[in-house]
Amino acid sequence: MRILLVEDDPVLADGLTRILQQSNYLVSWASNGIHADQLLQLEKFDLVILDMGLPAMDGAQILRRLRARHNAVPVLILTAQDSVANRVQGLDLGADDYLSKPFDLPELEARIRALLRRAQAARSATLQVGSLLLDTLGHRASLGGVALELSARELSVLELLLRRSGRVVSKEQLSEQLSDLGEEISGNAIEVYVHRLRKKIEVGDVTIRTLRGLGYMLEQRHAD
Ligand code: CA
């Protein structure tokens, strides 16, 4: 995991870098805002620790520019003690969490782990088997890079099949999944949705197998 540490106090930066390296993070250090801004445009980080009070370009400006570029990297801001205004401004500008100086190192590390976990979970909102992709947050599916036109029910069926790809999904489980959309679904209706979905995706490298009496299984089709 790559962390960008933006901190103008060399003693604090040095201490933090060493601690984070001991926890196996790769740490880059920027001691002023302009350098940080450049690094954020050139390189990809998994997390940014951003001091708000910096020379040349302050933390707020860096954050504003970062989010304007639609860069969603998690940002943990460091603020001066009791600087509520600073903290609020940072969070408003798109920081994910904050710590007030002075802080305990175990707390910093716990916050870092939490932010990285959250980012990981957000990424896994995308489900994929072969070239079939489903963005469960955006409710969009694509096959080989081409958007699929799916109804809400088809999307819902696809989501469950993808989450359990390679395993059998019963009609009851699908019916339960669909009942989240607010209605009772019969076994016949499930067959219809699966049939439609299968027709839409079978042009690609993924298939939905029917296992008589058991249910369905979505899997990648291998050329043989
Ligand atoms: Ca500072």
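Leaving aside neighbours within four places in sequence, which residues is Thr 136 in contact with?

## Thr 136 and its surroundings

In this predicted model, Thr 136 is in contact with Ala 125, Leu 127, Glu 159 and Arg 163, once neighbours within four places in sequence are left aside.

To find Thr 136 on your screen, look at the loop between β7 (132–135) and β8 (140–143). Is Thr 136 buried or exposed? Its relative accessible area is 11%, and because the cut-off for buried is under 20%, Thr 136 counts as buried. For a sense of scale, pick Asn 32: the two C-alpha atoms are 39 Å apart, and 104 residues separate Thr 136 from Asn 32 in sequence.

## The largest nonpolar core

Now for the largest nonpolar core, which has 27 residues. Leu 132 and Leu 218 have the most contacts inside it. Several elements give two or more residues to this core, among them β6 (126–129), β7, β8, α7 (171–179) and β11 (215–220). The biggest share comes from α6, with 6 residues.

Not counting residues up to four places away in sequence, Leu 218 touches a set of residues including Val 129, Leu 132, Leu 158, Leu 161, Leu 162 and Ile 201. Ser 165, Gly 166 and Thr 207 are also among the residues it touches.

## A second core

There is also a second, separate core, made of 21 residues. Ala 30, Met 57, Leu 66 and Ala 95 are included in this core.

Note on methods
Residues numbered from 1 in each chain as written. Predicted model: local features only at pLDDT ≥ 70, side-chain atom pairs only at ≥ 80, totals over all residues. Heavy atoms only, no water. Helix = DSSP H or I, 4+ residues; strand = E, 2+ residues; numbered from the N terminus. Buried < 20%, exposed > 50% of the residue type's maximum accessible area, 1.4 Å probe, protein only. Contact = heavy atoms within 4.5 Å. Core = buried A, V, L, I, M, F, W, Y, C linked by side-chain atoms within 4.5 Å.
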